[in-house]
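Colleague: I'd like to go through the labels on this one with you. Show me the structure and I'll ask what stands behind each term.

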Amino acid sequence: MAEELVLDTAIRDWVLVPLSVVMVLIGVLRYFVAKLMRSPSASPSPDPKHVKEGQVVIRARNLRTGAQFIPAKAFKSRKVYYTNEENGLLHVPKEEAQKAQAAMFSDPNMAMDMMKKNLSMIVPQTLTFAWVNFFFSGFVAAKIPFPLTQRFRGMLQNGIDLSTVDVSYVSSRSWYFLNLFGLRGLFSLILGEENATDDAQKMMQMGGGFGANPTMSLSAEKDSLDIIQHDWVLPKMEHHAEEVLRKLLKK
């Protein structure tokens with residue numbers, strides 16, 4: 001049986017609250033520092049060609065995600081419209097793709113802006129994690145007000161090697177990571193929806209080189225649309241509705 005703990009109120013006052021406040025203040029400060037470091041040419045007027053390509057990618061993605069709701073013939077005609085090797089909207093000639101990639105890597109401003117963005121995220125979070133690890137390591141900072149399975153132990157009790165403690169207790173180090181990846185909603189209220197600091201998204205984008213390339217997005221979406229297997233769900237809806245009704249009647 002998992003051990004029940006009684007948390008001291010001093011932990012709330014000197015660990016939980018200060019850590020949460022510091023994470024919010026660092027996120028706001030990092031946003032304004034990144035805004036000051038941004039070069040004037042970092043946000044040029046959008047290229048109509050890139051805007052058009054982005055809209056094509058969105059439409060093709062909608063087709064892929066909603067393919068099961070249209071007949072096979074309709075899906076096949078739309079798929080050919082996007083992926084045709086001659087004039088498909090998602091087809092990118094090899095020469096054009098190579099030129100776009102070379103132009104992306106040859107732009108020094110783009111490389112500098114990406115480096116500034118990465119530094120504005122890595123440096124503050126590295127210092128904050130070192131601060132948390134030095135002063136608050138080993139603390140049980142909070143308790144989740146609902147039961148959880150053992151799968152959440154590694155996520156919520158980082159830094160605590162006690163298997164007898166209930167999974168719903170959260171260590172100070174795990175509380176840091178929960179704030180790091182879960183404060184987007186709060187930042188959207190403070191800084192605005194478009195200016196919300198999303199560390200999880202930034203960390204995923206760090207492996208993407210110098211940013212998004214519309215031409216590469218077209219090729220990636222074409223590959224995804226090529227391999228999709230169409231399965232029309234309408235003929236199965238009657239059977240699915242029957243199963244749902246049987247489950248409701250059993251209750």
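Modeller: Let's start with Arg246 and Glu242, whose side chains meet in a salt bridge at 2.7 Å, N to O. Before you ask, this is a predicted model, where local features need pLDDT of at least 70, side-chain atom pairs count only at pLDDT 80 or more, and totals for chains, interfaces and linings use all residues. Residues are numbered from 1 along each chain as its sequence is written, and side-chain values use heavy atoms, with hydrogens and water left out.

Colleague: What separates Arg246 and Glu242 along helix α11?

Modeller: About one helical turn, because they sit four residues apart in α11 (residues 234–250). Helices here are DSSP runs of H or I with at least four residues, strands are runs of E with at least two, and both are numbered from the N terminus.

Colleague: Which parts of the chain does the pair Glu221 and Arg64 link?

Modeller: Distant ones: Glu221 is in helix α10 (residues 214–227) and Arg64 in helix α2 (residues 48–65), 157 residues apart. Their side chains meet in a salt bridge at 2.9 Å, N to O. Arg61, Arg64 and Glu221 are also linked in a network of salt bridges, and a search of the whole structure finds seven such bridges.

Colleague: Is Glu221 buried or exposed?

Modeller: Buried, because its relative accessibility is 4%. Arg64 is partly exposed, with 25%.

Colleague: What about Asp226, and which residue does it pair with?

Modeller: Asp226 forms a salt bridge with Lys222, the closest N and O atoms being 3.2 Å apart. Both lie in α10, four residues apart, about one turn of the helix. Lys222 counts as buried because it has 10% relative accessibility, while Asp226 is partly exposed at 32%.

Colleague: Which residues touch the most other members of the largest nonpolar core?

Modeller: Met23, Tyr176 and Phe187, out of 17 residues. α1 (9–37), β1 (140–143), α7 (172–182) and α8 (184–191) each supply at least two residues, and α1 gives the most, with eight. A nonpolar core is a set of buried Ala, Val, Leu, Ile, Met, Phe, Trp, Tyr and Cys residues joined through side-chain atoms within 4.5 Å. A second, separate core of 12 residues includes Val57, Ala60, Tyr82 and Leu90.

Colleague: How do you know that residues 14–33 are a "transmembrane region"?

Modeller: That name comes from UniProt, in an unreviewed entry that also lists 119–142. UniProt positions are in the numbering used here, feature names are shortened, and annotations may be inferred rather than shown by experiment. In the model, residues 14–33 are 100% helix and 0% strand, with end C-alpha atoms 28 Å apart. Residues 119–142 are 71% helix and 12% strand, with end C-alpha atoms 31 Å apart.

Notes:
Buried < 20%, exposed > 50% of the residue type's maximum accessible area, 1.4 Å probe, protein only. Salt bridge = Lys/Arg side-chain N within 4 Å of Asp/Glu carboxyl O.
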